[in-house]
Amino acid sequence: MTGTLIEFPAEIAVKAMGLSTADFETLISSLVLPHIEPDPVIFTTLPSKEGKYLSVSIRFTAKNIEQLEAVYAALQDEPRVLYRL
């Protein structure tokens, strides 16, 4: 556990936000699942008040910091993802 305050394995929730399109949740799934599967993942979506944006939350058990960083990197490299938390 060098350089992190998180003890692994850890329950993690990552959020990705972008314009609300029919395939945004599928896009997010395709970006993060290669780094998480075969472990269980829970996806939840929440549209913005006006419906222009969509937030996708991804809950999973991160095994280590490298896995968590890989998920964030995959989201960061996608131009349709406007924000990551």
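Predicted model: local features only at pLDDT ≥ 70, side-chain atom pairs only at ≥ 80, totals over all residues.
**The sheet**

I started with the sheet: it is open, has four strands in the order E2-E3-E1-E4, and the pairing is antiparallel. Two strands count as paired if DSSP finds at least two bridges between them. Helices (H or I, at least four residues) and strands (E, at least two) are DSSP runs, numbered from the N terminus. I then looked at the edges of the sheet, where E2 and E4 each have a single partner strand, so one side of each has no neighbour in the sheet.

Residues are numbered from 1 along each chain as its sequence is written, and side-chain values use heavy atoms, with hydrogens and water left out.

**Partners of E1**

How many bridges join E1 to E3? I found 10, and the two strands run antiparallel. Glycine 18 has leucine 54 in E3 as its bridge partner. On to E4: E1 pairs with E4 over two bridges, also in the antiparallel sense. There, alanine 16 has arginine 84 as its bridge partner, and methionine 17 stands opposite tyrosine 83.

**The whole chain**

I get two helices and four strands for the chain, in the pattern β-α-β-β-α-β along the sequence. The radius of gyration is 13 Å, close to the 12 Å that the globule rule gives for 85 residues, so the chain is as compact as a globular protein of that length. For the record, that radius is taken over C-alpha atoms, and the rule is 2.2 Å times the number of residues to the power 0.38. The C-alpha atoms fill a box of roughly 40 × 25 × 20 Å along the principal axes.

I also checked burial: 33% of the 85 residues count as buried. Buried means under 20% relative accessible area, exposed over 50%, and partly exposed in between (1.4 Å probe, protein chains only). Among contacts (heavy atoms within 4.5 Å) between residues at least 6 apart in sequence, 67% join residues at least 24 apart.

**Helix H2**

Which residues of H2 are buried? My list is Gln67, Leu68, Val71, Ala74 and Leu75. They cover an arc of only 125 degrees around the axis, which puts them on the same side of H2. The arc is that of the directions from the helix axis to the C-beta atoms. The reminder I needed: an α-helix has 3.6 residues a turn, so residues three or four places apart point the same way.

What do the buried residues of H2 pack against? I noted strand E1 (10-19), helix H1 (24-36), strand E3 (53-62) and strand E4 (83-84). Glu66 and Gln76 are exposed, on the face turned away from the buried side of H2. At the N-terminal end, asparagine 64 caps H2, with a side-chain oxygen 3.2 Å from the backbone nitrogen of glutamate 66.

**Two cis prolines**

The bond from phenylalanine 8 to proline 9 is cis, with omega near -5 degrees, and proline 9 sits in the segment before E1. Glutamate 37 and proline 38 are also joined by a cis peptide bond, with omega about 15 degrees. I placed proline 38 in the loop between H1 and strand E2 (42-47).

Conventions
Polar contact = N/O pair within 3.5 Å; in protein donor to acceptor, adjacent residues only side chain to side chain.
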